[in-house]
Structures are given as structure tokens and as C-alpha cells.
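I opened this model to look up its aromatic contacts, its salt bridges and its core. My notes follow in the order of the look-ups.

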Amino acid sequence: MKKKTWYLNNTLKHKQVVSEYRRRNREWLDGYKTTQGCKVCLVTNPNVLKLYWKAGPLKGKGVWKVVQHGLRRIKKEVTECDVLCASCHRRIHAAEKVSK
């Protein structure tokens, strides 16, 4: 009950902190993707780069959802991913569907 009361009294402050936290995490993730670039075609624009799990698509939460969590968890998730541009990512998924 104490947390609920705190939140009601500090809603705006809480939303600002969470917004900043997520912005920082997205910024780190964009920097990571830019530094890595697409593994296939070497594109470095973070707006077109995606994360692809090396062992196939991960079930459950993707990295985009993990941005809501801590930076440590994001860093752990990306170690299991390759960075691919949207086009290369689609080609790989299309090839996987054909091979099944």
C-alpha cells in the first residue's frame, strides 16, 4: 500500500524517471547496433538494424521489450544476437520458412 501511495503522490516524477531510463537504454542499444553494423551487408544505420538471435528467433520478450529493464539485462540479451539490417533479416527468415 505504501508504494501505491508514493506513486499517487509522485506520478509525474516517476513517469519522467522511467522515460529517461528507457531513453538511455534505447540510446545505448542504437549505439551498439551502429558499432556492430549488419553482419551481412555492413549497413550501420540504427534505424534499419535489427537483432537476430543466433539460435533462431527467441520466444518471449525481444530486446525491444527488454529496453524497459536494466542495461545489464540488455547487454546479456545482445550477446546472443547478430545485428542485421531489415532486408538481410527478412531474407534469413524467408530462407528458414522455405527450408521447413
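**Aromatic pair**

I searched the whole structure, a predicted model, and found 1 aromatic pair. The cut-off for stacked is under 30 degrees between planes. Trp28 and Tyr32 are 4 residues apart in helix α2 (residues 11-36), which separates them by about one helical turn. I looked up the cover on Trp28 and noted it as partly exposed, at 27% relative accessible area.

**Salt bridges**

I counted 4 salt bridges in the structure. Arg23 and Glu20 meet through their side chains at 2.4 Å, N to O. They sit 3 residues apart in helix α2, about one helical turn. Arg23 is partly exposed at 34% relative accessible area, and Glu20 is also partly exposed, at 41%. I traced a network of salt bridges here that links Glu20, Arg23 and Glu27.

Asp30 bridges to Lys33, with 3.8 Å between the closest N and O atoms. This pair, too, is 3 residues apart in helix α2. Is Lys33 buried or exposed? I read a relative accessible area of 11% for Lys33, so it is buried, while Asp30 is partly exposed at 33%.

I then took the bridge between Asp82 and Lys39, at 3.5 Å, N to O. Asp82 lies in strand β2 and Lys39 in the loop between α2 and β1, so this bridge ties together parts 43 residues apart in sequence. Asp82 is buried, with 17% relative accessible area, whereas Lys39 is exposed at 56%.

**Core and helix α4**

I noted 13 residues in the largest nonpolar core, with Cys38 and Leu51 touching the most other members. The elements giving it two or more residues are β1 (49-53), α4 and β2 (81-85).

In α4 (residues 71-78) I found Ile74, Glu77 and Val78 buried. They lie on the same side of the helix, because they cover an arc of only 95 degrees around its axis. On the face turned away from that buried side I found the exposed residues Arg72 and Lys76.

**Surface and overall count**

I logged a nonpolar surface patch of about 330 Å², made by Trp6, Tyr7 and Leu8. Leu8 belongs to helix α1 (residues 2-9) and is exposed, at 61% relative accessible area.

Of its 100 residues, 25% are buried.

Definitions and conventions:
Residues are numbered from 1 along each chain as its sequence is written. This is a predicted model: local features need pLDDT of at least 70, side-chain atom pairs count only at pLDDT 80 or more; totals for chains, interfaces and linings use all residues. Side-chain values use heavy atoms; hydrogens and water are left out. Buried means under 20% relative accessible area, exposed over 50%, partly exposed in between (1.4 Å probe, protein chains only). The arc is that of the directions from the helix axis to the C-beta atoms. A nonpolar core is a set of buried Ala, Val, Leu, Ile, Met, Phe, Trp, Tyr and Cys residues joined through side-chain atoms within 4.5 Å. Rings of Phe, Tyr and Trp (its six-membered ring) pair if their centres lie within 6.5 Å; planes under 30 degrees apart count as stacked, over 60 as edge-to-face and the rest as tilted. Patches are made of residues with over 30% relative accessible area and no salt bridge: like charges are joined within 9 Å, nonpolar side chains (Val, Leu, Ile, Met, Phe, Trp, Tyr) within 5 Å. Accessible areas come from the Shrake-Rupley method with a 1.4 Å probe; for residues, only the protein chains shown count as cover.
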